[in-house]
Amino acid sequence: MRISQTLKLHKIIFIALCVWLSACSTERKVVIISTNDIHAAIDKFPYLASTVERIREQNPGEVVLVDAGDRWTGNPFVDLATPPFYPIIALMDSLGYDVGTFGNHEFDKGVDTLAQRVKDMTFELTCANLNSGQTSLPQPAPYVFKEVNGVKLCFVGLVTNFINGHPDGKDESFEGLTFYSPFETAEALSSLKDSCDVLIGLTHIGDDMDSVLAVRVPQFDLILGGHSHTVIDTPRKYGDVVVTQTGSKLKYVGITTLTLENGRLKHIDNRLIPLDTVPSPKFQAMVDSFNDNPVLNAPIGSTGEEMTRSGVVNMITDAVRRSTGSDIAFYHSGGIRVETLAKGGVSTADMFRIDPFASEIYLVRMTERDIESLIVNKFNDTANPKESHCIDLNPSGASYAVITDEAGQAVGIEFHPDKKRETYTVAMPDYRFNKRADAEPTGQLVTGILKDMFEDRSPVMPDDTPRADIKRKPAA
């Protein structure tokens, strides 16, 4: 009898213990919605808003919305607004972004303009490897803590600084600012892992550099990246660090679900999803008001046929060569932000869609060896690998082929100028030439050159034939 009673008592205690342990075991979930490289794609915002609102309704109290930089540059209705860039900030504020970091294009109109837009932002900014010094730009926080559904998240913002010690762009855009190594900065902050449940890198350094960061700082649980416009539809893992990126211009958004049990990160699920197909009426009305700009919408000319990307770059280099009277003109592919130009009317806005950077043309006297060095060094570029090992410098007045070795490195070029000379007057945008002591500014902007061309030569017919190629050096 006593044994029976003892067994019953043990059973009751066991059941009670299981109930107590079950009550103590808590599983919590956080959903991170991430964007990067929006590049002023405000026409997508009504659909982004519907997507975010739906996810918030499905996961009440569990959602945080973040952005990994390059919010503008690429849409004249944003870039040339009054004040500049304000439309994208107004939309992000209205949608309730929580955290963001800087991309290189945030600095395109200089520190003072960025400082004004930062003051408009209602979301928090983090950029650990930037010191704003004595400039007007408020010093961003090196990291931001967010508590969501009882989970403590820590976001560490990092921006690229691999070209001339600052992000990609003109040197004058970064005057007074100091940028440190994103890797060394993150390593110095790795102890933040002890102060949060989930440590997250919110980076604008490119997916190739994110892989380096993940290896060097394994304390990160998650890296939400940008800059290289990479669509990472299957999350990459480096040890226990998950790395993802959504591409660009809001084609996708990232959905990362963090599952924690008893305060410990148990699982990270990441996927990319397209935007919802039904726009938010509120945000559609906002976008329509920003796009209602009679000056930018006014037609200035036309195209006779649709232009491919090759046709657009050939059109630019030909126009630059004619306007400057140069022997040869180059334009870099990374500066062109349209894939095609449709047949028919062309507006002022289209000029700034093609080249949103206010690129000024410079002239330089170069020998054929100088030109070869320029092309080979750009092709083998290690400072900016996302633009290397492909044809980036597109010519007018010449054609060429890059000769590569078996490893894919450029070792020389085959150069075919329209007219052979000892030295050539070469025209290129300031992105390439403003560091050369012998570079002569023309005062001409690419957008102005294109506007004059369309006004004088419409309808403009395309030349879609590529003028540069890559050839493998024959094996010895």
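This is a predicted model: local features need pLDDT of at least 70, side-chain atom pairs count only at pLDDT 80 or more; totals for chains, interfaces and linings use all residues.
Local features were considered at pLDDT of at least 70 and side-chain atom pairs at pLDDT 80 or more, whereas totals for chains, interfaces and linings use all residues. Residues are numbered from 1 along each chain as its sequence is written, and side-chain values use heavy atoms, without hydrogens and water.

Helices (DSSP runs of H or I, at least four residues) and strands (E, at least two) are numbered from the N terminus. The axes of helix α2 (residues 45–58) and helix α8 (residues 281–291), as lines fitted to C-alpha atoms over the stretch in contact, come within 8 Å and cross at roughly 160°. Angles run from 0 to 180 degrees between N-to-C directions; α2 and α8 are therefore roughly antiparallel to each other, a term for angles over 145 degrees. In the contact (heavy atoms within 4.5 Å), Phe-45, Pro-46, Ala-49 and Glu-53 of α2 meet Phe-283, Gln-284 and Val-287 of α8.

His-39 lies in the loop between β1 (27–35) and α2. Beyond neighbours within four places in sequence, the contacts of His-39 include Asp-70, Trp-72, His-105, His-229, Lys-249 and Arg-337.

In helix α5 (residues 111–120), the buried residues are Val-111, Thr-113, Leu-114, Ala-115, Arg-117 and Val-118. These buried residues pack against α4 (86–95) and β4 (124–125).

Note on methods
Angles under 35 degrees count as roughly parallel, over 145 as roughly antiparallel, 65 to 115 as roughly perpendicular and the rest as oblique. Buried means under 20% relative accessible area, exposed over 50%, partly exposed in between (1.4 Å probe, protein chains only).
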